Amino acid sequence: MKRRRLWKFHGGVHLPQQKTISTTMPVHAAQLPKRLVLPLHQHIGASAKAVVEVGDNVLKGELIAHASGYVSAPIHAPSSGTVVAIADHPIPHPSGLHAPCIVIETDGEERWVEARPYDDYLHMDPSHLRNLVREAGIVGLGGAGFPSYIKLNPGADKVIDTLILNGAECEPFITCDDMLMREQPEQIVEGLHILQHALRAKRCIIALEDNKPEAYTALSAAVAKSERCNIIEIVQIPTIFPAGGEKQLIKVLTGKEVPHDGLPLHIGLVIQNVATCAAIHRAINLGQPLISRYVTITGGGVSQPRNLEVLIGTPIQELLEQCGALDIEPQRLIMGGPMMGIAVHTSSAPIIKTSNCVIAATDDDLPSPQPVMPCIRCGACADACPALLLPQQLYWYARAKNLERIQEINLFDCIECGCCSHVCPSHIPLVQYFRFAKTEIWSQEREKERADLARQRHDSRLERIEREKAERAARLQKKKQALKERSAGDSSKKAAIAAAVKRAQEKKARQQTKEPSANEEDSSQ
Ligand code: SF4
Ligand code: SF4
């Protein structure tokens, strides 16, 4: 087969991989925890809404919270048991805040709700297929967790030329997608067929880095068995961070740039993560919603780093114990990779749909931050930035809290990869400044939206009061008019009565005048 031409994206960094430590053992199912903690907000978009109450018994796979908007995903019970709480609980979030969660006490029976597989998806309308993916609660398992069904709806006028499956797991330590590709390649290829049918994509590429030879071999064998292997290409790309970023991967595979403020589908491409693809296979072919995922448990803080198949909602502490937890400081717990992951403040926080890795890191794994020094304007950060930004300038504007100017130089194109911070000789935590600036902008926007809403409410209240006043005045006017008319009617009635009385009196008087003449006649006789 002709080798595909590959392109390079700007910047990027080569990082120590630290991956082999967690790939020596096959993937096992993690032990069933006594309690599952399911945050209602597990992904980008609106939180799900609970449809169960405390005391309800639930079956494995049963819907426990429904999606509450277009960008939202439902949640299903990962095991059978009883809902024992719907309350705030620590979640894996950099703020360390608590958030509403459904807590299920498992009964150990793993009783499934009745599964409804759809093996005839080839005869299914793409919109029906999209709905099934939505109902299964599937979100992107490799990133921010964007609900997957949305990416399956490019619009009637869009032609999808290529579907790309992203197996480029470019952050150090994380190996869950690598292990999935090694151990479940058929699930990925099955999912790919479903996605290809839903999108009517002309061709498909499975992309992975050249540091995953076992995964490449396993996928090649699975694709070779597929009936539609002629439209599937497996491409190995150079190992450099962040090759797994959506825009960077598209650049490497096609040489195309996703337009600023645009989406891959605007240039005829759709990208899905390999684990998401396997989840779609399970949803459609087996009728199983998203209730578990592969998670890498690694770092010097555990004696047996490995990948486990974990039920969503399993507390991190239980997984650390199953992997031989050593004594570690809580601040060294990271969810995700060392470049883009988040610090987890407590091991009682649960695994959520987007949790691909937990690093119980020691100082050897991730050295403590060095003292920050002034910027020397060396330009290394700009050379490393894969989004072609000027991190040094972003930094100045972030520090100065010039939120207008920082947006003008495309802060929101920053993918928060951390390459700039990684290469900065002054050890400036640049990416943290950019995250802070984004959060500030979002909170100002929310504040403005709230103020706009309050003003709108105030204006419409005044409008309503004015309208009611005018309506009251109109009603009063109408009433007065009616009274007037009635009294006018009454006076004419009175006049008519008076006239009638007068006529009657006159008649009577006339009659009385006539009667004496008759008497007079009588007396003369
Ligand atoms: S890499 Fe650091 S020191 Fe160099 S220009 Fe960028 S922010 Fe300044
Ligand atoms: S964190 Fe943002 S600014 Fe820094 S290298 Fe990555 S994309 Fe560029």
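Figure 1. Helices (H or I, at least four residues) and strands (E, at least two) are DSSP runs, numbered from the N terminus. Welcome to a predicted model, where local features need pLDDT of at least 70, side-chain atom pairs count only at pLDDT 80 or more, and totals for chains, interfaces and linings use all residues. Residues are numbered from 1 along each chain as its sequence is written, while chains are lettered from A and ligands numbered from 1 in the order in which they are written. Along the principal axes, the C-alpha atoms fill a box of roughly 155 × 60 × 50 Å.

**Figure 2. Helix α3 (residues 176-183) meets helix α7 (residues 274-285).** Their axes, which are lines fitted to C-alpha atoms over the stretch in contact, come within 9 Å and cross at roughly 50 degrees. Cys176, Asp177, Leu180 and Met181 of α3 make the contact with Val274, Ala275 and Ala278 of α7; two residues are in contact if their C-beta atoms, placed from the backbone, lie within 7 Å.

**Figure 3. A cis peptide bond joins phenylalanine 241 and proline 242.** Omega is about 0 degrees here. Look for proline 242 in the loop between β11 (232-237) and α6 (246-254). Most peptide bonds are trans.

**Figure 4. Leucine 388 has a positive phi of about 55 degrees although it is not a glycine.** You will find leucine 388 in the loop between α9 (380-384) and α10 (391-399). Leucine 388 has 13 other C-beta atoms within 10 Å, so it is partly exposed (buried means 20 or more, exposed 12 or fewer, partly exposed in between, with C-beta atoms placed from the backbone).

Definitions and conventions. Axes fitted to C-alpha atoms, helices over the stretch in contact; angles between N-to-C directions.
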